Amino acid sequence: MKPIEVSSPQAGVGAVSLIHTDDSAEHILQFSGAWVQGSAIAVPVGELIAEFDSAQNPRRILLQTRDLAGWDSRLPTYLIKIVDWCQTRGIEVDASGLPEGVQGLLKLARAVSERAGARRSAQTVPVLAKVGKAVLAGLGDAKGLVCFVGETLLASAALLRGKARFRLADLLLCIQEAGPDALPIASLISLLVGLILAFVGAVQLAQFGAQIFIADLVGLGMAREMGALMTAIIMSGRTGAAYAAKLGSMSVNSEIDALKTMGISPMEFLVLPRVLALIAMMPLLTLYANLMGIVGGAVVTVSVFDVSLVQYYNQTLRAVHVPDFAIGLGKSVVFAVLIATAGCMRGMQCGRSASAVGEAATAAVVNSIVYIVVADALITLICNRFGV
Amino acid sequence: MATPHITVKDLTMAYGDFVIQRGLSFTIDRGDVFIIMGGSGCGKSTLLKHLIGLQQPAKGEVFYEAQNFWRTDADERELIMRRIGVLYQSSALFSSLTLSENIALPLAEFTRLGRAEIQDIVSYKLALVGLAGFEDYYPSEISGGMQKRAGLARAMAMDPEMLFFDEPSAGLDPVSARLLDDLIISLRDTLGTTIVVVTHELASIFAIGNNSVFLDPETKTMLATGDPKVLLAESQDPKIIQFLTRGEGRGK
């Protein structure tokens, strides 16, 4: 066996040398130099063990130090690898030549043996297993959704029977958060959407000198579609995420458990007021968004396209009728239910960690936007079929 | 004569396929201070969850007096749960409500008391735990020890027959922990409340407990049940002796 030797310990290098004794089955490992974070280790532990492996099997290894300039966790981690390897080979290790501190740490690290089955294996998962896991997770998600919808319906039934327990103050607070507090952003977005609609339409309509029909386009577009859709997108990012985060952090802090053990249903106490608040506020916000959108359209049309305000007003009256508004408002109620359900569901299903709260909020927004767009497409299709 | 208050029969607890504890059988008598003890990760808090209705047993039964807690219908179970109070490890106070609103919540929901009467009860409960005058503070504005005591005040709001404590002295200084122990004993003595405590504080175990169960994480079952002082004096099991003497053995 080729002896591993480092003649003189250099500064900033942790050296290890192998010394043969008279007894051929006994080896001494001598550590010297600086064994600290940042210093180079002359022989990586893997190489050292490979060296031992290839050579004749020693029966006994003595661990010693000479001129050790300093040590920290670097030395014990190196030693633990050697000791572990020796244990699997049934080689006796004598650590009495090490500094007392190192001996103590080695003992401490071995004091509590690894709990069987505690280590998570990092083995690569086969593709099929990944697919299977994803399908099972999807099924679990679907089951969670069905359960949650069922529980919400039960809570609503309790509400209709007048038996639901929640505080009026909570409902009013939720209404304030979902309604008046959302006005500034709803104003800005819907005004700009009306403006954009007017510009996009004007480019085409002006070619035929039909600028007056911008009023039709903006009015119908906002009332039937964009008012409800944009409000829903705003509310899912604003309120849906807030619901998920609030309920999620309550779950992390055991507050939801506390409600349950008090005999108060969290579905009634936490979820119902939020769903009700959104259902009450979304149509109003949508109506407001419709108005702001039409105002935005008017600003563009009157200032750029040579149409008077009165003409625009009259044209809007002629084009947009109550059924158009009704479709938008109907959609907004559906969207409200979807946003509140996605937000509250993700919050109630939240795991018990800070990152789980973030994931819950993200999932709430993603889910509600998907639900909203799918539902919108379906409703538009149905309205088209029935010629409404 | 002691009458059984909670009886656990052959309980198995599991998360999915992963069994935490199996074959748990013990009885908690009325007026007991019952300690659930064992090393970290042995399922003490999980056992508590099974007793207070947060997690369903994989197998076995929990009886409250003669009622089978998990076999009875949800409304009955809710009635039983209304007779218990729980102090969570994290206090679990509602962070959006003041202390007084926290304690008033169950009173307002389940009793026909007027607002003034509820306020009186709230002040009385807060005074009992040494927090008189803190009615209008939010949980985030008071210290951890105070939150714990406020949590206890909320747990006691409905004058429950049974109180459950999940690691009550965790995060408390020794003096506060001692005061909490004294409070637990005086609750039992004055109101006859049955008390169940999850803890591994030896000082508390011997100071307050008169009955206990010892869970072992390795064999995944209970090793013994009974008065912890008797267990210390008579048990032959090295794990129990080691636990109850901080690993020093009975000789010392």
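Helix axes here are lines fitted to C-alpha atoms over the stretch in contact, and angles run from 0 to 180 degrees between N-to-C directions. Helices (H or I, at least four residues) and strands (E, at least two) are DSSP runs, numbered from the N terminus. This is a predicted model: local features need pLDDT of at least 70, side-chain atom pairs count only at pLDDT 80 or more, and totals for chains, interfaces and linings use all residues. Residues are numbered from 1 along each chain as its sequence is written, while chains are lettered from A and ligands numbered from 1 in the order in which they are written.

**Chain A overall**

Chain A holds 12 helices and 5 strands. Its radius of gyration, taken over C-alpha atoms, is 36 Å, well over the 21 Å that the globule rule gives for 388 residues, so chain A is more spread out than a compact globule. That rule is 2.2 Å times the number of residues to the power 0.38. The C-alpha trace spans about 110 × 60 × 40 Å along its principal axes. Buried residues (20 or more other C-beta atoms within 10 Å; exposed means 12 or fewer, partly exposed in between; C-beta atoms placed from the backbone) make up 36% of the 388 residues in chain A.

**Helices of chain A**

The axes of α4(A) and α9(A) come within 10 Å and cross at roughly 85 degrees. The two helices are therefore roughly perpendicular, a label for angles of 65 to 115 degrees. Contact means C-beta atoms, placed from the backbone, within 7 Å. On the α4(A) side, the residues that meet α9(A) include Glu151(A), Thr152(A) and Ala155(A). Their α9(A) partners include Met267(A), Glu268(A) and Val271(A).

Helix α3(A) has 12 residues and reaches 16 Å from its first C-alpha to its last, close to the 16 Å expected at 1.5 Å a residue. This helix is hardly covered, with 1 buried residue among its 12.

| Helix | Residues |
|---|---|
| α3(A) | 100-111 |
| α4(A) | 127-160 |
| α9(A) | 266-304 |

**Where the chains meet**

In the contact between chains, 15 residues of chain B face 11 residues of chain A. Elements of chain B that give two or more residues to this side are α2 (74-82), β6 (84-87) and α3 (99-110). The largest share, 3 residues, comes from α2(B).

**Leu202 of chain B**

Leu202(B) lies in helix α7 (residues 202-208) of chain B. With 15 C-beta neighbours inside 10 Å, Leu202(B) counts as partly exposed. Leu202(B) touches Leu244(B) and Arg246(B), not counting residues up to four places away in sequence. Its C-alpha is 9.5 Å from that of Met37(B), 165 residues apart along the chain.

Note on methods:
Angles under 35 degrees count as roughly parallel, over 145 as roughly antiparallel, 65 to 115 as roughly perpendicular and the rest as oblique. Two residues are in contact if their C-beta atoms, placed from the backbone, lie within 7 Å. The expected span of a helix is 1.5 Å times one less than its number of residues.
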